[in-house]
Amino acid sequence: MPQRTCLGCRQVKSKGELIRVVNNGGKADLDLSGKKPGRGAYVCPSGSCWEKAFKGNRLENALKAQVLQEDKVKLLQYSKKLWSK
Ligand SMILES: [Zn+2]
């Protein structure tokens, strides 16, 4: 299993445990398949990791993409579904 680093907590985890975000035409988008082309970043399904990833434009810098407020909300809502499992 490939290993990736969470953008929030910087822990290395297997790819399947992390949520992939991809630069989709200059904007941050979820990549649920993990196979979308483009620059990607990985974050744990945890609120604190997303908060850290949003702080200081860390996600924007990693993706070289805009992270709009509505996209942040979307990403947080999706990750919440995963942690409630
Ligand atoms: Zn994390």
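Reply: Happy to! A residue is called buried when its relative accessible area is under 20%. Keep in mind that this is a predicted model.

Me: What makes C44 count as buried?

Reply: C44 has 4% relative accessibility. The cut-off is under 20%, so C44 counts as buried. C49 passes the same way, because its relative accessible area is 6% and the limit is under 20%.

Me: Which residues coordinate the zinc ion?

Reply: The zinc ion is held by the SG atoms of C6, C9, C44 and C49, at 2.3 Å. A donor must lie within 2.8 Å of the metal, so these atoms qualify at 2.3 Å. Along the sequence, the donor residues follow the spacing C-x2-C-x34-C-x4-C.

Me: Why is the site of the zinc ion called tetrahedral?

Reply: The angles among its four donor atoms run from 100 to 114°. Four donors count as tetrahedral if all angles lie between 85 and 135 degrees, so the site gets that name. For four tetrahedral donors, the ideal angle is 109.5 degrees.

Me: How many aromatic pairs does a search of the whole structure find?

Reply: It finds one aromatic pair. That pair is W50 and F54, with 5.9 Å from centre to centre and 40° between the planes.

Me: Why are W50 and F54 called a tilted pair?

Reply: Ring centres must lie within 6.5 Å to pair, and here they are 5.9 Å apart. Planes under 30 degrees apart are stacked and those over 60 are edge-to-face, so 40° makes this pair tilted.

Me: What separates W50 and F54 in helix α1?

Reply: About one helical turn, because they are four residues apart in helix α1 (residues 47-54). W50 is buried at 0% relative accessible area, and F54 is buried at 13%.

How values were computed: Residues numbered from 1 in each chain as written. Predicted model: local features only at pLDDT ≥ 70, side-chain atom pairs only at ≥ 80, totals over all residues. Heavy atoms only, no water. Donors = N, O, S within 2.8 Å, 3.2 Å for Na, K, Ca; no water. Tetrahedral: all angles 85-135°; square planar, octahedral: opposite > 155°, others 65-115°. Buried < 20%, exposed > 50% of the residue type's maximum accessible area, 1.4 Å probe, protein only. Phe/Tyr/Trp six-rings, centres within 6.5 Å; stacked < 30°, edge-to-face > 60°. Helix = DSSP H or I, 4+ residues; strand = E, 2+ residues; numbered from the N terminus.
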